[in-house]
Amino acid sequence: APGPGRPALPPRAGCIMILHGRLKNWYVKESPMKRLRLTSAALALALFAACAPSSPEEYSATLLAMDTAMTLTAYGGQGEAALADAQDLILDLEGLLSTTDQNSELYALNQGEAVALSSSTREVLEEALALCQDTGGALDITIYPVVRAWGFTTGQYQVPDDDALSALLERVDYAQVQLTGDTLTLPEGVQIDLGAVAKGYTGDRLMELFRQAGAASAYVNLGGNVQVLGSSPDGDPWRIGIRDPEGEDYAAVVEVTDQAVVTSGAYERYFEQDGVRYGHIIDPSTGYPADSGLASVTIVSPSGTLADALSTALFVMGPDRAAEYWRGRDDFDFILIGKDGSITISEGIEDSFSFSGEQGSVAFEVVRR
Ligand code: FAD
Ligand code: MG
């Protein structure tokens, strides 16, 4: 109780606000008993945090942008102003990087116009092109003509015929993109799609913005791209749920601090024809939806751009090539969920990873260097 020399408790509303923020991230899916225990622990912790004099204020916003629902939450600092700036930043980046917005920089580039690139567009293109090369073209931002032929940009889905695909594939080659200074040149017919990397880049920019605004911690969910600043307000790592590709629930939880957690899969954007499911991630070597035995790929990395690019690229590579690729870098970890429900993770997240289900009921493997 408050007494001489002890701070008075803040108003009750403060407690509820932080409690709300804390529980939103409590994506735990384990045994009901454990869940109860964890939830009570979270409750106790949140109440404790909420009643401590230094507990930071929570600021939250949701918006629709880049064709997805986005949630932004920041704690402390100039949170309210930062959230307003964050929304402006997202809309600005969408205005530059959208393939369909006729006023965007990318649209002009794809029309073959000479464009003096903004620093944001140049930065995301530089990072994306480097990753196209590093992944040996598993990521290829010039895939756009093929993505369009399948109807993934319009929703008018169709299976293109092989001749049409072969002709389009001749235009798919990131090495044909010449980026010199702030000038980008696309050969006739070559078109760029940043759908596989732009949300990740947006996450990086948001973290930078929140950090500069003095936020103690923050998290954003950009339609499956989660990225966090610092740890959660109570000092614990953020607990991020990984969607079960076959259901509505969470298949696994990973605990992170200052990281992006980005998932790609074919379970949200796809269509079915004659009993075959066609997903939106294309294997640039065939022009067909990637069919590497994976249901989803999650990448954990300090870089949102890298995590987004590699979630797409490793989905194309499949489990064996993905593990080999991981061994050649030291800036990310992965969680692969197979179509058969099996789970494969890289060793860097072994201690911060847990999955639902009985022990032994799911094939589980840790890949090591
Ligand atoms: P990811 O795996 O990260 O990316 C998959 C997407 O990347 C595919 O949809 C395809 O576009 C592209 N792709 C497929 N294969 C490859 C490959 N091998 N290499 C490189 N890229 C590949 N959607 C709409 O329907 N309408 C919109 O107006 C719209 N506006 C957008 C504006 C912006 C700035 C951004 C970033 C996205 C927008 N989107 C829009 C969504 C976009 O079309 C993709 O569906 C979305 O970005 C896919 O993200 P993901 O995380 O689901 O998948
Ligand atoms: Mg991606």
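What spacing do the donors of the magnesium ion (ligand 2) follow along the chain? The views below start with that site and then move on through a predicted model.

**View 1. The protein donors of the magnesium ion (ligand 2).** Here is the answer to the opening question: the donors follow the spacing A-x111-D-x3-T along the chain. Ala 196 contributes its O, Asp 308 both O and OD, and Thr 312 its OG1, at 2.1 to 2.7 Å from the magnesium ion (ligand 2). Ala 196 and Thr 312 link distant parts of the chain, 116 residues apart. Ala 196 sits in the loop between strand E4 (183-185) and helix H8 (198-212), while Thr 312 belongs to helix H9 (residues 304-317). Thr 312 is buried, as its relative accessible area is 12%.

**View 2. Helix H8 and the elements around it.** Let us stay with helix H8, which has 15 residues. From its first C-alpha to its last, H8 reaches 21 Å, close to the 21 Å expected at 1.5 Å a residue. The helix is mostly covered, with 12 of its 15 residues buried. Among them are Ala 198, Tyr 201, Leu 206, Met 207, Leu 209 and Phe 210, and the buried set also includes Lys 199, Asp 204 and Arg 205. What do the buried residues of H8 pack against? Their partners are strand E2 (68-75), helix H3 (79-97), H5, strand E5 (217-222), strand E6 (225-229) and H9. H9 also carries Thr 312, one of the donors from the previous view. After the helix comes Gly 214, which has a positive phi near 80°.

**View 3. The open sheet E7-E8-E15.** Three strands make up this open sheet, in the order E7-E8-E15 and with antiparallel pairing. Which strands stand at the edges? They are strand E7 (238-243) and strand E15 (353-355); each has a single partner strand, so one side of each is left without a neighbour in the sheet. Neighbouring strands are turned by 20° against each other on average, direction ignored. As a reminder, strands of a sheet pair through backbone hydrogen bonds, either parallel or antiparallel. E7 and strand E8 (residues 250-256) are antiparallel and share six bridges. To find your way along this pair, look for Ile 242, whose bridge partner in E8 is Ala 252.

View 4. The loop between E8 and strand E9 (260-265) holds Asp 258. Most residues other than glycine have a negative phi. Asp 258, however, has a positive phi of about 55° although it is not a glycine. Its relative accessibility is 38%, so Asp 258 counts as partly exposed.

**View 5. The hairpin of E10 and E11.** Strand E10 (residues 270-273) and strand E11 (residues 276-279) run antiparallel and are joined by four bridges. Tyr 270 stands opposite Gly 279 in E11. Two residues lie between the strands of this hairpin, where Asp 274 takes a positive phi near 50°. Is Asp 274 buried or exposed? With a relative accessibility of 74%, Asp 274 counts as exposed.

**View 6. A network of salt bridges around Arg 329.** The whole structure holds 11 salt bridges, and Asp 134, Arg 329 and Asp 331 are linked in a network of them. In the bridge between Asp 134 and Arg 329, the closest N and O atoms are 2.6 Å apart. This pair links distant parts of the chain, 195 residues apart: Asp 134 in helix H5 (residues 119-134), and Arg 329 in the loop between helix H10 (319-327) and strand E13 (333-338). Asp 331 also forms a salt bridge with Arg 329, with the closest N and O atoms 2.9 Å apart. Arg 329 counts as buried at 18% relative accessibility. Asp 134 is partly exposed at 39%, and Asp 331 is partly exposed at 26%.

**View 7. The salt bridge between Asp 291 and Lys 339.** The closest N and O atoms of Asp 291 and Lys 339 are 2.7 Å apart. Asp 291 lies in the loop between E11 and strand E12 (294-301), and Lys 339 in the loop between E13 and strand E14 (343-346), so the pair ties together parts that are 48 residues apart in sequence. Asp 291 is exposed at 62% relative accessibility, and Lys 339 is exposed with a relative accessible area of 52%.

Methods
Residues numbered from 1 in each chain as written. Chains lettered and ligands numbered in written order. Predicted model: local features only at pLDDT ≥ 70, side-chain atom pairs only at ≥ 80, totals over all residues. Heavy atoms only, no water. Pairing = 2+ DSSP bridges. Donors = N, O, S within 2.8 Å, 3.2 Å for Na, K, Ca; no water. Buried < 20%, exposed > 50% of the residue type's maximum accessible area, 1.4 Å probe, protein only. Axes fitted to C-alpha atoms, helices over the stretch in contact; angles between N-to-C directions. Salt bridge = Lys/Arg side-chain N within 4 Å of Asp/Glu carboxyl O. Expected span 1.5 Å × (residues − 1). Contact = heavy atoms within 4.5 Å.
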